[in-house]
Amino acid sequence: YYTTGFTRPYEVTYMGSLWSDKNTGLIIELKNYINNYGIEKTVKYPLLYLYGSYFCDDVINCDIVFTVGGVDKKYVIEGMKSSDNTILFFDDNLFSNKDFKSNFLAASKVKIRASESYCDTEYYTFTMSGSTAAYNFVNK
């Protein structure tokens, strides 16, 4: 469990092999948040994001490719960088897509390409061992 001291504790788990060859983590978490009106909202689906790299563009086009049974399953999504440029947040409704969720849970590997216009395009690869356990941990 993680807490800032200002919010209720929430569950965070690290995905795959924890870190890519670029020392970047793929993280999944389920977290409540405070909206613009100061009201706490419950997140219905886990959040997925990259942590530990440097991102230039505010919005970044990303390709996510899951390897499932030796077959690549590709998704094209947008990511938004954090204010300190070190986190790339993916759409918070990814897991509402049944195919995405199914491929995430069954994947042996995931490759992510973050295509930026100001910085170089970066590639990240993660082993997905433990992805089902991680998803179930934050989504219980």
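1. Asp58 counts as exposed because its relative accessible area is 54%, and the limit for that class is over 50%. This value, like the others in this note, comes from a predicted model. Asp58 forms a salt bridge with Lys81, in which the closest N and O atoms are 3.4 Å apart. This pair connects distant parts of the chain: Asp58 belongs to the loop between E5 and E6, Lys81 belongs to strand E7, and 23 residues separate them.

2. The charged pairs deserve attention as a group. Side chains of opposite charge can pair when their charged atoms come close. How many salt bridges does the count come to? The count is three, and the pair of Lys81 and Asp58 is one of the salt bridges, with 3.4 Å between the closest N and O atoms.

3. Another salt bridge is formed by Arg113 with Asp63, and here the closest N and O atoms are 2.3 Å apart. Arg113 is in strand E9 and Asp63 in strand E6, so that the pair links distant parts of the chain, 50 residues apart. The side chains of Asp63 and Arg113 are also listed as joined by a polar contact of 2.3 Å.

4. Is Asp63 buried or exposed? With a relative accessible area of 12%, Asp63 is buried, because buried means under 20%. Strand E6, in which Asp63 lies, covers residues 59–68. Leaving aside residues up to four places away in sequence, Asp63 touches Lys74, Tyr75, Val76, Lys111, Ile112 and Arg113.

5. Lys111 and Asp72 also meet through their side chains in a salt bridge, with a distance of 3.7 Å from N to O. Lys111 is part of strand E9 and Asp72 is part of strand E7, so this pair ties together parts that lie 39 residues apart in sequence. Lys111 is partly exposed, with 30% relative accessibility, and Asp72 is likewise partly exposed, with a relative accessible area of 45%.

6. The largest nonpolar core contains 24 residues, and Phe66, Phe90 and Phe100 have the most contacts inside it. Two or more residues of this core come from each of strand E5 (47–51), E6, E7, strand E8 (87–90), helix H1 (98–106), strand E9 (109–115) and strand E10 (122–127). Which element gives the most to this core? The answer is E6, with five residues. Not counting residues up to four places away in sequence, Phe100 touches Leu48, Ile64, Phe66, Tyr75, Leu94 and Phe95.

7. Val59, Met80 and Phe89 make a nonpolar surface patch of about 270 Å². Met80 belongs to strand E7, which covers residues 71–81, and Met80 is exposed, with a relative accessible area of 51%.

8. Some figures describe the chain as a whole. Its secondary structure consists of two helices and 10 strands, and these follow the pattern β-β-β-β-β-β-β-β-α-β-β-α along the sequence. Of the 140 residues in the chain, 41% are buried. The accessible surface is about 8100 Å², and carbon and sulfur atoms account for 50% of this area. Among the contacts with a separation of 6 or more, 56% are between residues 24 or more positions apart.

How values were computed. Residues numbered from 1 in each chain as written. Predicted model: local features only at pLDDT ≥ 70, side-chain atom pairs only at ≥ 80, totals over all residues. Heavy atoms only, no water. Patch = residues over 30% accessible without salt bridge, like charges linked within 9 Å, V, L, I, M, F, W, Y side chains within 5 Å. Areas by Shrake-Rupley, 256 points an atom, 1.4 Å probe, with all protein chains shown as cover. Salt bridge = Lys/Arg side-chain N within 4 Å of Asp/Glu carboxyl O. Helix = DSSP H or I, 4+ residues; strand = E, 2+ residues; numbered from the N terminus. Buried < 20%, exposed > 50% of the residue type's maximum accessible area, 1.4 Å probe, protein only. Polar contact = N/O pair within 3.5 Å; in protein donor to acceptor, adjacent residues only side chain to side chain. Contact = heavy atoms within 4.5 Å. Core = buried A, V, L, I, M, F, W, Y, C linked by side-chain atoms within 4.5 Å.
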